[in-house]
Amino acid sequence: MIGIDIGGTGMKGGIVDLRTGNLVSERFRIPTPQPATPQAIAQVARQIVDELQSRDLAPEPHSAIGVDFPAVVKNGVVFSAANVDPTWINTNLEQLISDALDSRAVYGINDADAAGLAEATYGQGRDKMGLIAVITLGTGIGSALINNGVLVPNTELGHLEIDGHDAESRASARAREVHELSWKKYASKRLRRYFQHVEALFSPDLFIIGGGISKNPEKFMPYFEDEIRTPMVMATLRNNAGIVGAALWAGGMLPERQRRGEA
Ligand code: BGC
């Protein structure tokens, strides 16, 4: 099954073995076109699929494809554009990519939902019941809530209003850089406040932290983990979580009702 992860700087595709959650061969990456308009993205998606499809272990040429995107994706349609080109709003992501792929079936999903689903299925959440909250800290803050294996899509917890601010403008990894905060200050003030707030709202059983900074937990975890009661672990799928989650979303292993928001 093919999954494509659309990010602000790169578009990455891979062929995923859904039994294991592993890529069957190297992923393929092309820089995100700038400006990242729907048409430009669709053309790059085509190039990625053509390349993957030319490989030895390529999936069936007409099998479905999963695509993730860093915004609200509801029934295939993009509803927000916090960190993407504003022309995406109201674009039907599934139709757009499908048209570029000779009408192949396409399933669209929010990027953090894809990464979270992958992590809950194959990574740190594997075989764990209860409510898992996956929080990705990067350019923005992405979130995925998975309850007993079922995703509640588009939770957008990066845009919670905390102390009068859009949360991701204070607590994302980019906010740390923009505001030139030390790791200690960032973690002990901003991450603590953010995670305490999410914890108070949802009382999850497990927090999984994803995004680039989860590679170096020693830089921030010591400054706030004792203040959070919920166990916190780092994501393990890293760079491929979006590809794997998008493929999982498209792969027929989830009930159609869940993809269509009916379960
Ligand atoms: C967007 C989310 C996205 C997150 C991480 C936020 O700004 O609103 O949809 O999941 O960034 O990319």
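I began with P35, which sits in the loop between strand 4 (28-31) and helix 1 (38-53); helices (H or I, at least four residues) and strands (E, at least two) are DSSP runs, numbered from the N terminus. The peptide bond joining Q34 and P35 is cis, with omega about -5°.

The model is predicted, so I note that local features need pLDDT of at least 70 and side-chain atom pairs count only at pLDDT 80 or more, while totals for chains, interfaces and linings use all residues. Residues are numbered from 1 along each chain as its sequence is written, and side-chain values use heavy atoms, with hydrogens and water left out.

I next looked up N148, in the loop between strand 10 and strand 11 (150-152). N148 is not a glycine, yet its phi is positive, near 45°.

Then I turned to the ligand. I found 13 residues around the ligand (a heavy atom within 4 Å); N110, D111, E156, H159 and E168 are the closest. By class I noted six nonpolar, four polar and three charged residues in this shell; Ala, Val, Leu, Ile, Met, Phe, Trp, Tyr, Cys and Pro count as nonpolar, Asp, Glu, Lys and Arg as charged, and the others, Gly among them, as polar.

Helix 3 (111-122) and strand 10 (141-147) each give at least two shell residues. The ligand lies between domain 1 (2-113 + 241-258) and domain 2 (128-235), because both supply residues to its shell; the bounds come from an automatic or database domain assignment.

One is 2.8 Å from a side-chain N or O atom of E168. A polar side-chain atom of N110 lies 2.9 Å from a ligand oxygen, and a polar backbone atom of A71 is 3.4 Å from a ligand oxygen.

Methods
A polar contact is a pair of N or O atoms within 3.5 Å; within protein, one must be able to donate a hydrogen and the other to accept it, and residues adjacent in sequence count only if both atoms are side-chain atoms.
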